[in-house]
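This briefing is for a reader who is new to the structure shown below.

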Amino acid sequence: MRFCLTKTIVYIFLIFMSGFSRAAEVQNIYKIEFGSIDIGTMIWTLNNDQEKYISKIILKDRGLLSVLYRFSGEYLSVGYLEKNKFISSSYSQKWQTKKKEKVVKILFEDKKTINIILKPRETEKLRIDFTNFEKTTDPISSMLNIFFSNENNFTTIDGRRVYKMKKVKNKILINDYYNLWADHSRKDLEYIVIERGKNKIGFPERFKIKNKGLVFSLKKINS
(Lines give C-alpha, C1' and ligand atoms only; values in the text may rest on other atoms or scores of the structure.)
Protein backbone atom coordinates (compact mmCIF):
# COMPACT_ATOMS: atom_id res chain seq x y z
CA MET A 1 0.00 0.00 0.00
CA ARG A 2 2.81 2.44 0.84
CA PHE A 3 4.58 1.80 -2.46
CA CYS A 4 1.34 2.19 -4.40
CA LEU A 5 0.50 5.49 -2.68
CA THR A 6 3.98 6.94 -3.25
CA LYS A 7 3.90 5.83 -6.89
CA THR A 8 0.44 7.39 -7.31
CA ILE A 9 1.59 10.72 -5.87
CA VAL A 10 4.58 10.81 -8.24
CA TYR A 11 2.32 9.90 -11.18
CA ILE A 12 -0.15 12.68 -10.33
CA PHE A 13 2.69 15.18 -10.03
CA LEU A 14 4.14 14.25 -13.44
CA ILE A 15 0.74 14.40 -15.15
CA PHE A 16 0.03 17.83 -13.71
CA MET A 17 3.50 19.13 -14.59
CA SER A 18 3.09 18.05 -18.22
CA GLY A 19 0.21 20.48 -18.63
CA PHE A 20 1.90 23.53 -17.16
CA SER A 21 3.81 24.85 -20.17
CA ARG A 22 1.38 27.77 -20.41
CA ALA A 23 0.62 28.08 -16.71
CA ALA A 24 1.14 31.30 -14.84
CA GLU A 25 3.79 31.00 -12.14
CA VAL A 26 3.83 33.26 -9.11
CA GLN A 27 6.71 33.17 -6.66
CA ASN A 28 6.77 34.98 -3.34
CA ILE A 29 9.77 35.17 -1.03
CA TYR A 30 9.24 35.92 2.65
CA LYS A 31 11.70 36.71 5.43
CA ILE A 32 10.95 34.82 8.65
CA GLU A 33 11.59 36.63 11.92
CA PHE A 34 11.18 35.77 15.57
CA GLY A 35 10.95 39.10 17.31
CA SER A 36 13.71 41.12 15.66
CA ILE A 37 15.82 38.07 14.82
CA ASP A 38 16.05 36.95 11.19
CA ILE A 39 15.79 33.16 11.29
CA GLY A 40 14.98 32.05 7.75
CA THR A 41 13.22 32.41 4.41
CA MET A 42 10.06 30.98 2.86
CA ILE A 43 9.64 30.65 -0.91
CA TRP A 44 6.04 30.01 -1.95
CA THR A 45 5.41 29.16 -5.60
CA LEU A 46 2.05 28.70 -7.30
CA ASN A 47 1.60 27.32 -10.83
CA ASN A 48 -2.00 27.70 -11.93
CA ASP A 49 -3.66 27.29 -15.33
CA GLN A 50 -7.28 27.78 -14.14
CA GLU A 51 -7.92 24.03 -14.22
CA LYS A 52 -5.15 22.54 -12.11
CA TYR A 53 -2.41 23.82 -9.84
CA ILE A 54 0.85 22.94 -8.16
CA SER A 55 1.93 24.91 -5.12
CA LYS A 56 5.24 24.48 -3.33
CA ILE A 57 6.68 25.98 -0.16
CA ILE A 58 10.38 25.84 0.68
CA LEU A 59 11.61 26.83 4.15
CA LYS A 60 15.27 27.39 4.94
CA ASP A 61 17.14 28.67 7.97
CA ARG A 62 19.49 31.64 7.77
CA GLY A 63 21.14 34.22 9.99
CA LEU A 64 23.06 33.81 13.24
CA LEU A 65 20.45 31.49 14.76
CA SER A 66 21.11 28.90 12.05
CA VAL A 67 24.40 28.09 13.77
CA LEU A 68 22.42 26.80 16.75
CA TYR A 69 19.27 25.55 15.03
CA ARG A 70 19.26 24.40 11.43
CA PHE A 71 16.03 23.54 9.65
CA SER A 72 14.60 23.07 6.18
CA GLY A 73 11.16 22.16 4.92
CA GLU A 74 9.49 21.33 1.62
CA TYR A 75 5.71 21.24 1.17
CA LEU A 76 3.97 20.31 -2.07
CA SER A 77 0.28 20.42 -2.97
CA VAL A 78 -1.05 19.14 -6.30
CA GLY A 79 -4.70 19.57 -7.20
CA TYR A 80 -7.40 21.04 -9.41
CA LEU A 81 -9.73 24.02 -9.40
CA GLU A 82 -13.48 23.69 -9.13
CA LYS A 83 -15.58 26.85 -9.08
CA ASN A 84 -12.41 28.78 -8.21
CA LYS A 85 -11.70 26.56 -5.19
CA PHE A 86 -8.35 24.82 -4.72
CA ILE A 87 -9.00 21.09 -4.19
CA SER A 88 -6.10 18.82 -3.35
CA SER A 89 -5.27 15.53 -5.09
CA SER A 90 -2.03 14.88 -3.21
CA TYR A 91 0.13 16.52 -0.57
CA SER A 92 3.62 15.87 0.75
CA GLN A 93 5.87 17.53 3.28
CA LYS A 94 9.40 17.02 4.51
CA TRP A 95 10.75 18.70 7.63
CA GLN A 96 14.39 18.31 8.56
CA THR A 97 16.58 19.51 11.41
CA LYS A 98 20.03 18.45 12.53
CA LYS A 99 18.56 15.71 14.70
CA LYS A 100 15.45 14.50 12.88
CA GLU A 101 13.59 14.19 9.62
CA LYS A 102 9.83 13.85 9.21
CA VAL A 103 7.96 13.01 6.02
CA VAL A 104 4.21 13.10 5.39
CA LYS A 105 2.39 11.99 2.24
CA ILE A 106 -1.38 12.26 1.79
CA LEU A 107 -3.63 11.16 -1.06
CA PHE A 108 -7.11 12.61 -1.69
CA GLU A 109 -9.97 11.41 -3.85
CA ASP A 110 -13.34 13.10 -4.39
CA LYS A 111 -12.43 15.68 -1.71
CA LYS A 112 -11.81 12.96 0.88
CA THR A 113 -8.58 11.74 2.43
CA ILE A 114 -7.96 8.13 1.43
CA ASN A 115 -4.46 7.43 2.77
CA ILE A 116 -1.62 8.86 4.84
CA ILE A 117 2.03 7.79 5.05
CA LEU A 118 4.22 9.01 7.91
CA LYS A 119 7.97 8.65 8.24
CA PRO A 120 9.05 7.74 10.86
CA ARG A 121 6.07 5.44 11.11
CA GLU A 122 3.64 6.41 13.86
CA THR A 123 3.69 3.90 16.74
CA GLU A 124 0.50 5.20 18.37
CA LYS A 125 -2.85 3.85 17.24
CA LEU A 126 -5.04 5.99 15.01
CA ARG A 127 -7.61 7.58 17.32
CA ILE A 128 -9.74 9.30 14.67
CA ASP A 129 -10.65 7.78 11.29
CA PHE A 130 -9.60 10.48 8.81
CA THR A 131 -11.60 8.84 6.01
CA ASN A 132 -14.84 9.82 7.79
CA PHE A 133 -14.31 13.56 7.26
CA GLU A 134 -16.15 15.11 4.34
CA LYS A 135 -14.53 17.78 2.12
CA THR A 136 -10.92 17.57 3.27
CA THR A 137 -7.89 19.26 1.77
CA ASP A 138 -4.30 20.02 2.71
CA PRO A 139 -2.94 23.11 4.55
CA ILE A 140 -1.53 24.77 1.42
CA SER A 141 -4.81 24.47 -0.46
CA SER A 142 -6.75 25.80 2.54
CA MET A 143 -4.51 28.86 2.67
CA LEU A 144 -4.86 29.41 -1.09
CA ASN A 145 -8.64 29.29 -0.78
CA ILE A 146 -8.48 31.99 1.88
CA PHE A 147 -6.00 34.11 -0.10
CA PHE A 148 -7.99 34.04 -3.33
CA SER A 149 -11.61 33.82 -2.15
CA ASN A 150 -11.47 34.89 1.51
CA GLU A 151 -13.10 31.66 2.66
CA ASN A 152 -12.33 28.02 3.18
CA ASN A 153 -15.14 25.48 3.49
CA PHE A 154 -12.87 22.46 3.79
CA THR A 155 -11.55 20.52 6.75
CA THR A 156 -7.76 20.76 6.72
CA ILE A 157 -5.64 17.67 7.27
CA ASP A 158 -1.84 17.71 7.59
CA GLY A 159 -1.17 14.05 8.38
CA ARG A 160 -1.25 14.38 12.15
CA ARG A 161 -4.15 16.74 12.79
CA VAL A 162 -7.46 17.83 11.34
CA TYR A 163 -8.93 21.30 11.86
CA LYS A 164 -10.91 24.13 10.29
CA MET A 165 -9.23 27.29 9.03
CA LYS A 166 -11.70 30.16 9.01
CA LYS A 167 -10.97 33.78 8.12
CA VAL A 168 -12.46 36.43 10.40
CA LYS A 169 -11.43 39.93 9.27
CA ASN A 170 -7.64 39.73 8.94
CA LYS A 171 -7.18 36.70 11.19
CA ILE A 172 -7.32 33.01 10.29
CA LEU A 173 -8.71 31.11 13.25
CA ILE A 174 -8.01 27.44 13.94
CA ASN A 175 -11.16 25.61 15.11
CA ASP A 176 -12.52 22.06 15.47
CA TYR A 177 -9.00 20.79 16.10
CA TYR A 178 -8.34 17.06 16.58
CA ASN A 179 -5.15 15.07 16.85
CA LEU A 180 -5.23 11.90 14.76
CA TRP A 181 -2.68 9.95 16.78
CA ALA A 182 -2.16 11.70 20.12
CA ASP A 183 -4.52 11.22 23.04
CA HIS A 184 -4.77 14.92 23.87
CA SER A 185 -6.55 17.92 22.35
CA ARG A 186 -3.67 20.36 22.65
CA LYS A 187 -3.17 22.37 19.49
CA ASP A 188 0.15 23.92 18.46
CA LEU A 189 -1.13 26.27 15.74
CA GLU A 190 -3.34 28.95 17.32
CA TYR A 191 -3.95 31.56 14.61
CA ILE A 192 -2.53 33.33 11.56
CA VAL A 193 -2.80 37.07 10.96
CA ILE A 194 -2.49 38.28 7.36
CA GLU A 195 -1.73 41.79 6.11
CA ARG A 196 -2.60 42.20 2.45
CA GLY A 197 -1.27 45.63 1.63
CA LYS A 198 -2.82 47.09 -1.53
CA ASN A 199 -4.16 43.82 -2.91
CA LYS A 200 -7.51 42.54 -1.62
CA ILE A 201 -6.89 39.01 -2.91
CA GLY A 202 -3.79 36.94 -3.51
CA PHE A 203 -0.69 36.41 -1.43
CA PRO A 204 -0.45 38.79 1.52
CA GLU A 205 2.44 41.14 2.20
CA ARG A 206 2.89 39.87 5.75
CA PHE A 207 1.96 36.97 8.03
CA LYS A 208 2.02 36.56 11.76
CA ILE A 209 1.80 32.97 12.94
CA LYS A 210 1.28 31.94 16.56
CA ASN A 211 2.49 28.39 17.04
CA LYS A 212 3.27 26.65 20.34
CA GLY A 213 2.85 29.98 22.10
CA LEU A 214 5.49 31.69 19.94
CA VAL A 215 4.80 34.39 17.33
CA PHE A 216 6.69 34.32 14.01
CA SER A 217 6.52 37.15 11.46
CA LEU A 218 6.88 36.69 7.71
CA LYS A 219 7.42 39.67 5.42
CA LYS A 220 7.47 39.59 1.61
CA ILE A 221 10.83 40.72 0.29
CA ASN A 222 10.39 40.33 -3.49
CA SER A 223 7.66 42.94 -4.17
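The side chain of Gln93 makes a polar contact with the side chain of Tyr91, at 2.7 Å. This comes from a predicted model. Gln93 itself belongs to strand S5, which covers residues 85-97.

**Surroundings of Gln93**
- Gln93 counts as buried because its relative accessibility is 17%, and the cut-off for buried is under 20%.
- Tyr75 lies 18 residues away from Gln93 along the chain, yet the C-alpha atoms of the two are separated by 4.3 Å.
- Apart from neighbours within four places in sequence, Gln93 is in contact with Glu74, Tyr75, Lys102, Val103, Val104 and Asp158.

**The largest pocket**
- The largest pocket has a volume of about 1700 Å³.
- It is lined by 43 residues, and those closest to its centre are Leu59, Tyr75, Trp95, Arg161 and Asn211.
- Tyr75, one of these residues, is also among the contacts of Gln93.
- The lining of the largest pocket consists of 30 nonpolar, four polar and nine charged residues.

**The largest nonpolar core**
- In soluble globular proteins, nonpolar side chains tend to be buried together.
- Here the largest nonpolar core has 41 residues, and Met42, Trp44, Leu144 and Phe207 have the most contacts inside it.
- Helix H2, residues 139-149, gives the most to this core, with five residues.
- Leaving aside neighbours within four places in sequence, Met42 is in contact with Asn28, Ile29, Tyr30, Ile32, Ile57, Ile58, Leu59, Phe207 and Leu218.
- Leu59, one of the contacts of Met42, is also one of the residues closest to the centre of the largest pocket.

Notes: Residues are numbered from 1 along each chain as its sequence is written. This is a predicted model: local features need pLDDT of at least 70, side-chain atom pairs count only at pLDDT 80 or more; totals for chains, interfaces and linings use all residues. Side-chain values use heavy atoms; hydrogens and water are left out. Helices (H or I, at least four residues) and strands (E, at least two) are DSSP runs, numbered from the N terminus. Buried means under 20% relative accessible area, exposed over 50%, partly exposed in between (1.4 Å probe, protein chains only). Contact means heavy atoms within 4.5 Å. A polar contact is a pair of N or O atoms within 3.5 Å; within protein, one must be able to donate a hydrogen and the other to accept it, and residues adjacent in sequence count only if both atoms are side-chain atoms. On a 1 Å grid over the protein atoms alone, a cavity is a set of points where a 1.4 Å probe fits but cannot get out, and a pocket is an open set with protein on both sides within 12 Å along at least five of seven lines; lining residues have an atom within 4 Å of a point. Grid points are joined across faces, edges and corners, and a volume is the space filled by probe spheres set on the points. Ala, Val, Leu, Ile, Met, Phe, Trp, Tyr, Cys and Pro count as nonpolar, Asp, Glu, Lys and Arg as charged, and the others, Gly among them, as polar. A nonpolar core is a set of buried Ala, Val, Leu, Ile, Met, Phe, Trp, Tyr and Cys residues joined through side-chain atoms within 4.5 Å.
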